[in-house]
Amino acid sequence: MKPFFFEALSSLRTSGTIAPSSKFLIQDCLKNLDLENAKVVLEFGAGDGCFTEAILERIPADCTLYSFELNTAFYEHCLEKFKNYPNFQLYHGSAADFTKVLAQQQIQKVDGIISSLPLTLLSEVELEFLKDVPQYLHQRGSFVQYQYSLMRYGMFKRIFSKVELGFTLRNLPPAVIYRCTV
Ligand SMILES: C[S@@+](CC[C@H](N)C(=O)[O-])C[C@H]1O[C@@H](n2cnc3c(N)ncnc32)[C@H](O)[C@@H]1O
């Protein structure tokens with residue numbers, strides 16, 4: 001695969017960034033999820049797999065991570081990089097298909113979702129599928145998303161019962177973290 005910068009730049013409309021998330025942003029996002037006790041975790045927008053790797057390090061062996069990635073180069077990169085993880089399933093397609101995948105896998109509830117989707121570049125119509133998240137999220141689970149602005153705060157407040165905000169300065173650019181619960 002090309003270096004992240006070039007791949008992301010050549011598909012800026014869907015990648016929404018030119019740099020992978022920093023280890024500080026990854027830590028700050030993942031501390032909002034109870035990964036150690038999870039059975040099913042979803043990831044929207046795996047990219048080069050920086051979050052994927054951190055999640056796979058934290059989840060127990062009986063937990064499965066289902067990741068979604070639209071970009072072919074990132075998909076193939078992650079497929080190869082994580083081929084030795086039996087509890088990892090990668091889907092080459094849109095996160096908008098997550099309900100179909102859960103139905104195929106006969107999964108009713110998930111323990112956590114981490115999303116890197118480029119919210120600013122996607123319209124509310126394209127993000128319509130996020131309205132389905134609450135019905136699949138465990139009462140104790142969280143949906144965690146980062147963004148480089150507060151542009152989708154209102155949308156998350158309409159979808160979820162509770163939205164808490166965090167901030168990470170040590171990322172390029174600094175990011176807002178939404179922790180959403182049902
Ligand atoms: C901002 S990058 C984040 C990559 C990585 N997770 C990180 O934090 O560095 C967003 C990723 O989401 C992917 N993406 C964009 N729209 C998507 C969609 N509808 N479904 C799945 N992946 C999508 C892009 O291809 C890109 O890899």
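Strands β1 and β4 run parallel and are joined by 4 bridges; two strands pair if DSSP finds at least two bridges between them. Helices (H or I, at least four residues) and strands (E, at least two) are DSSP runs, numbered from the N terminus. The model is predicted: local features need pLDDT of at least 70 and side-chain atom pairs count only at pLDDT 80 or more, while totals for chains, interfaces and linings use all residues. Residues are numbered from 1 along each chain as its sequence is written.

**The sheet**

- The open sheet is formed by 7 strands in the order β3-β2-β1-β4-β5-β7-β6, and the pairing is mixed.
- Strands β3 (88–92) and β6 (162–168) stand at the edges with a single partner strand each, so one side of each has no neighbour in the sheet.
- From one strand to the next, the twist averages 15 degrees.

**Strand β1 and its partners**

- Strand β1 (residues 40–44) is also joined to β2, by 5 bridges, and these two strands run parallel.
- L42 has a bridge partner on either strand: Y66 in β2 and I113 in β4.
- F44 has F68 as its bridge partner in β2.
- Of the 5 residues of β1, 5 are buried; a residue is buried if 20 or more other C-beta atoms lie within 10 Å of its own, exposed if 12 or fewer, and partly exposed in between, with C-beta atoms placed from the backbone.
- In a regular strand the side chains alternate between the two faces of the sheet.
- In β1, V40, L42 and F44 lie on one side and V41 and E43 on the other, and all of them are buried.

- Together, β1, α4 and β2 make a right-handed β-α-β unit; right-handed means that, with the strands pointing away from the viewer, the path from the first strand over the helix to the second runs clockwise.

**The surroundings of the ligand**

- There are 23 residues around the ligand, and S21, G45, G47, N71 and S116 come nearest; a residue is counted if its C-beta atom, placed from the backbone, lies within 6 Å of the molecule.
- Two or more residues of this shell come from each of α2 (12–15), α4 (50–58) and β2 (64–69).
- By class, the shell has 12 nonpolar, 10 polar and 1 charged residues; Ala, Val, Leu, Ile, Met, Phe, Trp, Tyr, Cys and Pro count as nonpolar, Asp, Glu, Lys and Arg as charged, and the others, Gly among them, as polar.

**Two loop residues**

- S21 is in the loop between α2 and α3, and it counts as buried because it has 22 C-beta neighbours inside 10 Å.
- Leaving aside neighbours within four places in sequence, S21 is in contact (C-beta atoms, placed from the backbone, within 7 Å) with I26, C50, F51, S116 and N171.
- S21 and C50 are 29 residues apart along the chain, and their C-alpha atoms are separated by 7.1 Å.
- N87 is in the loop between α5 (72–81) and β3, and it counts as partly exposed because it has 15 C-beta neighbours inside 10 Å.
- Not counting residues up to four places away in sequence, N87 touches I59, A61, C63, T64 and L65.

Note on methods. Axes fitted to C-alpha atoms, helices over the stretch in contact; angles between N-to-C directions. Contact = placed C-beta atoms within 7 Å.
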